[in-house]
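Please open the model in your viewer and keep the selection panel at hand. The tour below moves from one selection to the next and says what is to be found at each stop.

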Amino acid sequence: MNIFKALIADHQTQRDLSARLVEVLGNDTERLQVYEELKRELAAHETAEERCFYVPLFEHDATVDASRHAIAEHHVMDEMVEHLDEIDPHSREWTDCLHQLLEKIEHHLKEEEGKFFQQAGEVLTEEQKESLGRDYEAEFASMRQKVEES
Ligand SMILES: [Fe+2]
Ligand SMILES: [Fe+2]
């Protein structure tokens, strides 16, 4: 599977979990379960994507800005998750922050798919797209395992 298909497949998982989360907001137990699952998915994806996609893209002048921008956004999302973990999950603030996080995630996925992947497609060879896809899938699986155990 090439790197773009692999990344988009996991983006879809995040979108499905985000939609599910909105559906179950009224149910305390389910809401926190889906939130925890989205958190694990997000954390594993970010790290694997940075290691197997953005770091190799720093090699090319044309994709330095995109890589820097995407990694900075990962950091912002991590901070939003950290904040959510610190505040009362039954408060209005928690729900407001969650909606902000979900919006940020969707904005980020759209920017990657609509802009950064096109730029990356122009600098990576077909062979690299395939090998990075394999690297990403292996890294994602191993990160999911680690996140699960932590
Ligand atoms: Fe990303
Ligand atoms: Fe991504």
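Begin by selecting the iron ion (ligand 1) together with its protein donors, which are Glu49 (OE), His74 (NE2), His108 (NE2) and Glu112 (OE), lying 2.1 to 2.2 Å from the ion. Donors here are N, O and S atoms within 2.8 Å of the metal (3.2 Å for Na, K and Ca), and water is not among the atoms, so sites may look incomplete. This is a predicted model, in which local features need pLDDT of at least 70 and side-chain atom pairs count only at pLDDT 80 or more, while totals for chains, interfaces and linings use all residues. Residues are numbered from 1 along each chain as its sequence is written, chains are lettered from A and ligands numbered from 1 in the order in which they are written, and side-chain values use heavy atoms, with hydrogens and water left out.

Staying with the iron ion (ligand 1), look at the angles that its four donor atoms subtend: they run from 85 to 170 degrees, which makes the arrangement irregular. Four donors count as tetrahedral if all angles lie between 85 and 135 degrees; four count as square planar and six as octahedral if opposite donors are over 155 degrees apart and all others between 65 and 115; anything else is irregular. Along the sequence, the donor residues of this ion follow the spacing E-x24-H-x33-H-x3-E. His74 belongs to helix 3 (residues 64–86) and Glu112 to helix 4 (residues 92–123), so this pair ties together parts that are 38 residues apart in sequence. Helices (H or I, at least four residues) and strands (E, at least two) are DSSP runs, numbered from the N terminus. Both His74 and Glu112 are buried, where buried means under 20% relative accessible area, exposed over 50%, and partly exposed in between (1.4 Å probe, protein chains only).

Which residue bridges the iron ion (ligand 2) and the iron ion (ligand 1)? Glu49 does, and the two ions lie 3.1 Å apart.

Now colour helix 2 (residues 28–57), where His45 and Glu49 are separated by about one helical turn because they are four residues apart. His45 counts as buried at 2% relative accessibility, and Glu49 is buried with a relative accessible area of 0%.

With the two sites in view, turn to the packing of the helices. Two packed helices are described by the angle between their axes and the distance between the axes. Show helix 3 and helix 4, which pack at an angle of about 165 degrees with their axes 10 Å apart. Axes are lines fitted to C-alpha atoms, for helices over the stretch in contact, and angles run from 0 to 180 degrees between N-to-C directions. Helix 3 and helix 4 are therefore roughly antiparallel to each other, given that angles under 35 degrees count as roughly parallel, over 145 as roughly antiparallel, 65 to 115 as roughly perpendicular and the rest as oblique. Their crossing is left-handed, a term used if the near helix is turned anticlockwise from the far one by less than a right angle, with right-handed used if clockwise.

Then bring helix 2 alongside helix 3: their axes come within 11 Å and cross at roughly 160 degrees. These two helices are therefore roughly antiparallel to each other, and helix 2 passes helix 3 in a left-handed crossing.

Between helix 2 and helix 3, select Thr63, which is found in the loop and counts as buried at 1% relative accessibility. Val64 lies in helix 3 and is likewise buried, at 16% relative accessibility.

Finish on helix 4, where Trp94 has its place and is buried, with a relative accessible area of 1%. His107 is also found in helix 4, but is partly exposed, with a relative accessible area of 38%.
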